[in-house]
Amino acid sequence: MSIQSQMTNGIDLAAVRERLAGQRGPRYWRSLEELAETPEFQAFLEREFPNGAPEVLDPGSRRTFLKLMGASLALAGVSGCTSQPGEKIVPYVRAPEQLIPGKPLFYATAISKSGFPVGVLAESHMGRPTMLEGNERHPDSLGGMDTFTQASVLTLYDPDRSQVVTRRNGKISTWDLFLHEAVRVLNARRSSKGQGVHILTETVTSPSLARQIKAFLEAFPEAVWHQYQPVNRDQARAGAKLAFGRDVTPHYQVAKADVIFALGSDFLAQGPGHLRWARDFASRRETLESMNRLYVVDTTPTITGGMADHRLPAVGHRVADFANFLARELEIKVAEPGGPLLEHEAHWVRALAKDLKKNQGKCLVVTGDDQPAVVHALVHAMNQALGNVGNTVSYTEPVEHGAVDHQESLRALAGDLDAGKVEFLMVLGTNPAYHAPVDLNFAQKLPKAQFSVHLGLYEDETAALCQWHLPETHELEAWGDVLASDGTATIQQPLISPLYDGRSAIELFASLLGEPSRPGLEAGYEIVRETWKARSDLQVGIDFETFWRTAVHEGVVEGTSLKPVEVKLAADLAQAPMPKRPNDDAIEIVFRPDPTIWDGRYANNGWLQELPKPLTKLTWDNAAQVAPALAERLGLNNGDVVELEYEGRKLEAPIWISPGHADRSVTVTLGYGRTRAGRVGNGTGFNAYLLRTAAAPSLGSGVEIRKTGRTYLLAGTDLHRNVMAPNETGEAAAERHLIRVATIDEYRKDPKFAQEMEHVPSPHESLYTEIEGSVDRIDREHGATLPASGSGYAWGMSINLNACMGCGVCVVACQAENNIPIVGKEQVAYGREMQWLDIDRYYQGDLDNPETYHQPRTCMHCENAPCEVVCPVAATVHDDEGINNMVYNRCVGTRYCGNNCPYKVRHFNFFHYSKPKAPSLVVLNNPDVTVRARGVMEKCTYCIQRVNEARSAAQISGNPIRDSDLKTACQSACPTRAIVFGDVNNPESQVSKTKADPRNYGILTDLNTRPRTTYLARLRNPNPEIETESTHGV
Amino acid sequence: MASEHPEPQEANGHAILAPGHTYASVTDKISAIALTSPYRRSWIVGFVIAFALTMMLLTTITAVLVEGVGLFGIRRPVMWGFDIVNFVWWIGIGHAGTLISAVLLLFKQEWRTSINRFAEAMTLFAVACAGLYPLMHMGRPWYFYWLLPYPNTMSLWPQWRSPLVWDVFAVSTYATVSLLFWYVGLIPDLATFRDRAKNRYAKWIYGILAMGWRGSAIHWHRYRTAYMLLAGIATPLVVSVHTVVSLDFAAGVVPGWHTTVFPPYFVAGAIYSGFAMVLTLAIPLRVYYGLQDFITLKHLENMAKILLVTGLIVTYGYALEAFFAWYSSNTYEQFMMKNRATGPYWHTYALLILCNCTAVQVLWFKRARTCVPLLFVLSIIINIGMWLERYVIVVTSLARDFVPAAWNLYHGSFWDYTMYYGTIGLFFALLFIFIRVLPVISIAEMRELVAETRERHGGDEHGHAHPDEDDDELDLVASSG
């Protein structure tokens, strides 16, 4: 062990102390990270906290790690042992408007990723945002959320965010010093009109930022604006150009499509408009009459593939063949395909073509952004041929400003850097040193810039190589604006003043251009206002102030969505060559953004790290996903470390076997293996960018997989550890009818199929007499009586398995709302994750192409709760509205309730998981929810704090609580509205109506638990030409 | 019999007291162990090991109090592990002590006399070890008193429907009654020790503990009454304690727990493991301290017979579980049984059957019942088997219950083992101390036995105590008092 040798070399404790003493104050967190990385410090830690002790604390070794970190913090703090300044607590002299202590306020804003936002309502408690909800008015939210947006509030409070301006040598500096220096360098370039000045951004949709970049480029005409993000739309853009001769962006009206074919596209979970598409998709699966049909061809199992009525796995290189074959079936002239389809595939595509043709104008073909340009072109042609344009597809000008080919743009920058032509480089919020194509050697070239500055939330890999690093404000800390996928603008308002010394990109530009007199927040405000003042077209008949206030308040600027443009298929697509198919025996490598940490930007977000990935259910790591068949051939099992060799580069990665993955293909997800993400993200997973070249950003061929003989611990929450033998769990799940599925034909024949699968005991079978009282409407049908409810409410939940995609946003929303701690990889691996919602993923059928079902499992709030009778101290009790409550303060932690819960939804604080890791994280907690201590059981409460809030509001207003007054966090976040919560005693409530659906069923009801959470059975709409035999249950 | 199996040392295998003993010899021999014999090397080595393990236990308890029960191997869905397994195991072991002292006393089984004292001590120490587990397995052990019905400002009482509350009462009653019973039985002997002790402090301490016992007829009368009353109180506890413990499981919904056969089968299992533990302790004890005269082959054989009977009851319990699973047509029960036998824990189940059901069958043969080394080995096998039984019930049932997506396996962690071995250390440390400070065999009762033996045989010191004893018959009522 290297540490061993360093220990023998010995380091001077005094030297370490000196090092610690030299760094103090606001550099607290950063210095810690740096120190922890030095071998000396590690050796010191080793000696102070000998290795033996953490080893002994086996299951708690992560905690020991945290303790060590804590101890090292204490050490770091010793030198700064000055008395804290005295604080006075005084009441507001003038209370801020609308602020009532204890009452949260909601502000509309938007959180973006690579330029594209999800509109949110941010919940603010006494001036601190704690929770984000979707903004129903925002076209890319419609009230729903995605996991990234939901978790972004944690990033706001992340103690590892960069906090001060630093120079490359690690010295703390100031904005003034930086601006002085930067303006000096820029002024020197004015004479050459800005030659050698380069800006690197991600995709920019912000009108204000675009305006400033424009102004900057006007001031420095020779300056170059580069854009790069690793997950980009280069191929889609090229495809549009190929098809139409110009760059247009397609928009889908999924709700209008009866038949949808997703060709290598995960459109339900990726892309700027995916929340709307998912909502529209689910809206067409609500009733028998409206059922759409989804066909999917993909390589890696995706959320979209899991929702498909028909899915075919195909290696990435054959996706174009499918496009070609289908185009031919649709009588589109195309070039020779790269290769033929197999017999069953051809049959499948012919049936699909027939189905599409039958539904001309009411169907939709979509493809993924990472597919080759020619596939995009073919898909455009197909939609045209099927008459979908104007119905289910429309086109607009690109939403983003200055759209360029990202790959080329970065390549140009790398070339200039290499040639030493870059005299001023400003990197805004992107991290090319980490995620640039490996063959560009960007990290080696970056230091060649004469003056370089990085603005970002974290002092990341790129910041380390730039001369200056500037802390960026979080989107909840600054003014800004951003455009949705359809062009609708949102004005972003700050919820809190910057926690650290950060500024936003627009504020930075303003400073460089010498625009505002005042720096910081107010400058941002002025700039954004100025941008929108200029849009006089939007202010017809109203004054600017009204316009501004409305726009900020609503979270959307009315009338900003883009108008569709007419497009014409320009080129003869027969001229466009199809991609060559590589050697059939070669194994291909697929690069995909990670489902939870995307391209790596969310690596330091603990909620996202610990969120089980929708299909693999892995946490804290990525893995090389392979098909079961390939794993069998290569003798691989889950967690086996393999060496991937691709184009001479080698990378070690653990294997994860994904049922339904295309054979001869290995998928690696991006975003892991970071070295400067922060304490949460560092050292998790492997860095797939090390294999990703500019030529093959999403798909390469000829990867070698070699076993190393080692294994790696992968922490999955899906505990059927061995997917190769899923029979036992699968059989058990089927016997127990946890998932109930029928095709629509079967459903027509027998609408009550789901309820007939299990015997539900009538209450008369109980030995105990029920408490007399108000009779629940639904349960009366089964002859049940409920405990008397003083208020008359009876809360219940319904989860529609037909709509649930398994995306996991409900899990993050629940975590944010209910102060659920993260526990770390080791504890997850040990089965101690705390998330109140588990999304169970079940497969059915063929290992090589199974059907996938997701089932969110949370507290069922049984009317006959087995947990309640066994608690010795009455810490879990029913209230008169049917909620099974946890009285945390009363819990002594015998865990009997956890054992006796048949649904296994109870989570135990085995350690003090909620112990605050940093002061800023304390502020994140929802003040309405108890932070649970060690040794206490916890579980879903139906968001009782929200119920109570609604109840007190209802008491004040005198009206009963209606559906619109109350949403649980999971329900609110769900993009497909799969979760419905409400009063089952009110026949008008949505949940009552849902529960009256014949598909409604409870799980394990034969135990006479009478769960309040029930499910709606899944329906499939297979094409009879493809599928004849029926499939029931898992 | 004796002539068929000539064993010089065990020549009087059927006697419950070797011939030739007088009041004085009995008193001398037993009190010498504690009062006059020097510390033997083996005692010191044994005690040091046990004490070291006890320190390990204290370390574990400290670690768990500081860090949390997460140090144990428990996780979802197996939220009980070694803690409850060991609790039930230790409580079960204790049962033999109560059975021997109380039930056999009421049935006037004289052969109990020489083993009851240390069997009772074993009960107490086992209950002490057992009691640690429910306490330490709690997430917040400092609130253990919330399980007691004490008056408080919130007017909040325990939740009476929970078997854990019943457990608190069952176990605390059991510990109290066992302690009282043991102590009352000790009083005449403490007086003997007071009188024979040379050390001033020892004299003083024994004196206080003897509560002024002078051996008057009134004392004896009161003593007898109290002792019999306590025996009467203790007797139902033999059945009730483990019944309540079994309800911890039987009252749950978990397949593999939710079974009506649990109470009788748990009680039988408790006695089974308890007698096995008595054998494990008695066999070395009689050899080390030369007590073969007092703990004779007769005792060992009688205990072997009890092992056989309880072993068969336990086997019947296992058979019933399997039968119910099949007969109920219940998916969960059937899966549970299949999972036990063929699932990831199949080896524990197989080993359990081997230890508890198969091994004990050799006791059908008298030759096996009187073969001391075999009995010793068998007693350890049964102890292991009974531990496995609890492991199978607790862990295997929880690991795979209703929702397959939540299934997970369980393994004891490092701290689980330190706690387990630590309690074994505590048990033996207490036992070692007990041997050196208190009479391991009831002197008073042995003297009574001497008297009775003499009366019966008219002073014939060479006569057999029970010439009418049948050879191979399985009668528990072995002597005709």
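Tutor: Helices α9(A) and α21(A) are roughly perpendicular to each other, because their axes cross at roughly 90 degrees and angles from 65 to 115 degrees count that way. This is a predicted model, so every value here is computed from predicted coordinates. Two packed helices are described by the angle between their axes and the distance between the axes. Here the axes come within 9 Å. Helix α9 covers residues 207-219 of chain A, and helix α21 covers residues 521-533 of chain A.

Now look at the residues that touch. From α9(A), the contact takes A:P207, A:S208 and A:R211. From α21(A), it takes A:I527, A:V528 and A:T531.

The C-alpha atoms of A:E530 and A:S208 are separated by 8.3 Å. Along the chain, the two residues are 322 residues apart.

The domain assignment gives domain 2 of chain A three segments: 173-231, 402-477 and 497-530. Chain A also has domain 1 (2-78), domain 3 (249-396), domain 4 (588-716) and domain 5 (756-1014) in that assignment. The centres of domain 2 and domain 5 of chain A, taken over C-alpha atoms, are 47 Å apart.

Turn to a sheet of chain A. Seven strands form an open sheet in the order β5-β4-β16-β15-β14-β6-β7. The pairing in this sheet is mixed. The edges are β5 (172-173) and β7 (224-227) of chain A. Each has a single partner strand, so one side of each is left without a neighbour in the sheet.

Inside that order, take β14 and β15 of chain A. Strand β14 spans residues 424-428, and strand β15 spans residues 452-456. They pair in the parallel sense over four bridges. One bridge partner to find is A:S452 in β15(A), which goes with A:L425. A helix also lies across part of the sheet. Helix α16 (residues 406-418) of chain A lies across β6 (197-201) and β7 of chain A. The helix runs at about 125 degrees to β7(A).

For contrast, move to another strand of chain A, β29 (residues 795-800). Six of its six residues are buried, so β29(A) is largely enclosed by the rest of the structure. In a regular strand the side chains alternate between the two faces of the sheet. A:W795, A:M797 and A:I799 point one way from β29(A). A:G796, A:S798 and A:N800 point the other way. All of them are buried.

Five bridges join β29(A) to strand β36 (residues 979-983) of chain A, and the two run antiparallel. There, A:M797 stands opposite A:F981. Strand β38 (residues 1013-1016) of chain A pairs with β29(A) in the parallel sense, over four bridges. In that pairing, A:I799 stands opposite A:Y1015.

Two loop residues of chain A deserve a stop. A:K617 sits in the loop between α23 (606-610) and β20 (618-619). Its phi is near 65 degrees, a positive value in a residue other than glycine. A:K617 counts as buried, with 23 C-beta neighbours inside 10 Å. A:C943 is found in the loop between β35 (937-938) and α33 (944-957). A:C943 has a positive phi of about 50 degrees although it is not a glycine. It is buried too, with 26 other C-beta atoms within 10 Å.

Finally, step back to the whole chain. Chain A has 35 helices and 39 strands. Buried residues make up 56% of its 1034 residues. Its contact with chain B takes 47 residues from chain A and 41 residues from chain B. On the side of chain A, α25 (727-735) and β30 (838-844) are among the elements that each supply at least two residues. The residues of that side divide into 25 nonpolar, 12 polar and 10 charged.

Definitions and conventions. Residues numbered from 1 in each chain as written. Chains lettered and ligands numbered in written order. Predicted model: local features only at pLDDT ≥ 70, side-chain atom pairs only at ≥ 80, totals over all residues. Contact = placed C-beta atoms within 7 Å. Nonpolar A, V, L, I, M, F, W, Y, C, P; charged D, E, K, R; others polar. Pairing = 2+ DSSP bridges. Axes fitted to C-alpha atoms, helices over the stretch in contact; angles between N-to-C directions. Domains from an automatic or database assignment. Parallel < 35°, antiparallel > 145°, perpendicular 65-115°, else oblique. Buried ≥ 20, exposed ≤ 12 C-beta atoms within 10 Å, placed from the backbone.
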